[in-house]
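Here is a short briefing on one protein chain. Look over the sequence and the fold, then read on.

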Amino acid sequence: MAQLPPSLQDLVNRFQQAQNQLQSVLLWKQQYEAELRDVEKAMGEIEKLSQDAKVYKAVGNFLLQTSRDVALQELKERKELLELHIKTLSRQESMLREQLDKLRDDINKELARIRGGGEKQQTGAAAKGGG
C-alpha cells in the first residue's frame, strides 16, 4: 500500500483525534445524564416524604442522617451542576461534530486532488508512449 502524502496524513490524524475527543465527550455526557436521572428520581422520592421524616445520605462507607430540606437542597445543587456539565459537553459535542464534518470534507478534497493529479500523470505518460 502506498504511503499517504504528509498533507493527507495530517488531516487523517486530526480527524482521528477529533473522533477520540468526541467519544470521550459522549461518554462523559452519558455518565452525567445517568447521574442526573438518579438525582431527579431521588428528589422526587424525598419530596414525597413528610417534613419530619428521617433522611439518610451516603458519605463514603457511612450513612448519615440529614433533614429532608438539606437533602433536597444538596440534590438541587448537584442537579444544577450536572445540567451545566451536560450543557457544556453538548456544546463541545456540536463543535467536534462540525470539526469532523470539515475535516471529512478536507480529506475528500485532498483525495480528489491526489487522484486527479495521479490520473493526469498517467494520461500524460500514455500520451508520450503512444506518440
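**Strand pairing and the hairpin**

Tyr 56 has Gln 65, in strand 2, as its bridge partner. This is a predicted model: local features need pLDDT of at least 70, side-chain atom pairs count only at pLDDT 80 or more, and totals for chains, interfaces and linings use all residues. Residues are numbered from 1 along each chain as its sequence is written, and side-chain values use heavy atoms, with hydrogens and water left out.

- Strand 1 (residues 55–59) and strand 2 (residues 62–66) run antiparallel and are joined by five bridges.
- Two strands pair if DSSP finds at least two bridges between them.
- The hairpin of strand 1 and strand 2 has two residues between the strands. Gly 60 takes a positive phi near 65° there.

**Overall layout**

- The protein has two helices and two strands. Both kinds of element are DSSP runs, numbered from the N terminus: helices are H or I with at least four residues, strands are E with at least two.
- From the N terminus, the order is α-β-β-α.
- Of the contacts with a separation of 6 or more, 74% are between residues 24 or more positions apart. Contact means heavy atoms within 4.5 Å.
- Buried residues make up 21% of the 131 residues. Buried means under 20% relative accessible area, exposed over 50%, and partly exposed in between (1.4 Å probe, protein chains only).
- The protein exposes about 9,900 Å², and carbon and sulfur atoms supply 53% of that area. Accessible areas come from the Shrake-Rupley method with a 1.4 Å probe; for residues, only the protein chains shown count as cover.

**Arg 68**

- Arg 68 sits in helix 2 (residues 68–130).
- Its relative accessible area is 12%, so Arg 68 is buried.
- A polar atom of the Arg 68 side chain lies 3.0 Å from the backbone oxygen of Leu 49.
- Leaving out residues up to four places away in sequence, Arg 68 touches Ile 46, Glu 47, Leu 49, Ser 50, Gln 51 and Val 55.

**The aromatic pair**

- The structure holds one aromatic pair. The ring centres of Trp 28 and Tyr 32 are 5.8 Å apart and the planes are at 35°, so the pair is tilted.
- Rings of Phe, Tyr and Trp (its six-membered ring) pair if their centres lie within 6.5 Å; planes under 30 degrees apart count as stacked, over 60 as edge-to-face and the rest as tilted.
- Both residues, Trp 28 and Tyr 32, lie in helix 1 (residues 6–48), four residues apart, or about one turn of the helix.
- Trp 28 is partly exposed, at 44% relative accessible area. Tyr 32 is buried, at 17%.

Note on methods:
A polar contact is a pair of N or O atoms within 3.5 Å; within protein, one must be able to donate a hydrogen and the other to accept it, and residues adjacent in sequence count only if both atoms are side-chain atoms.
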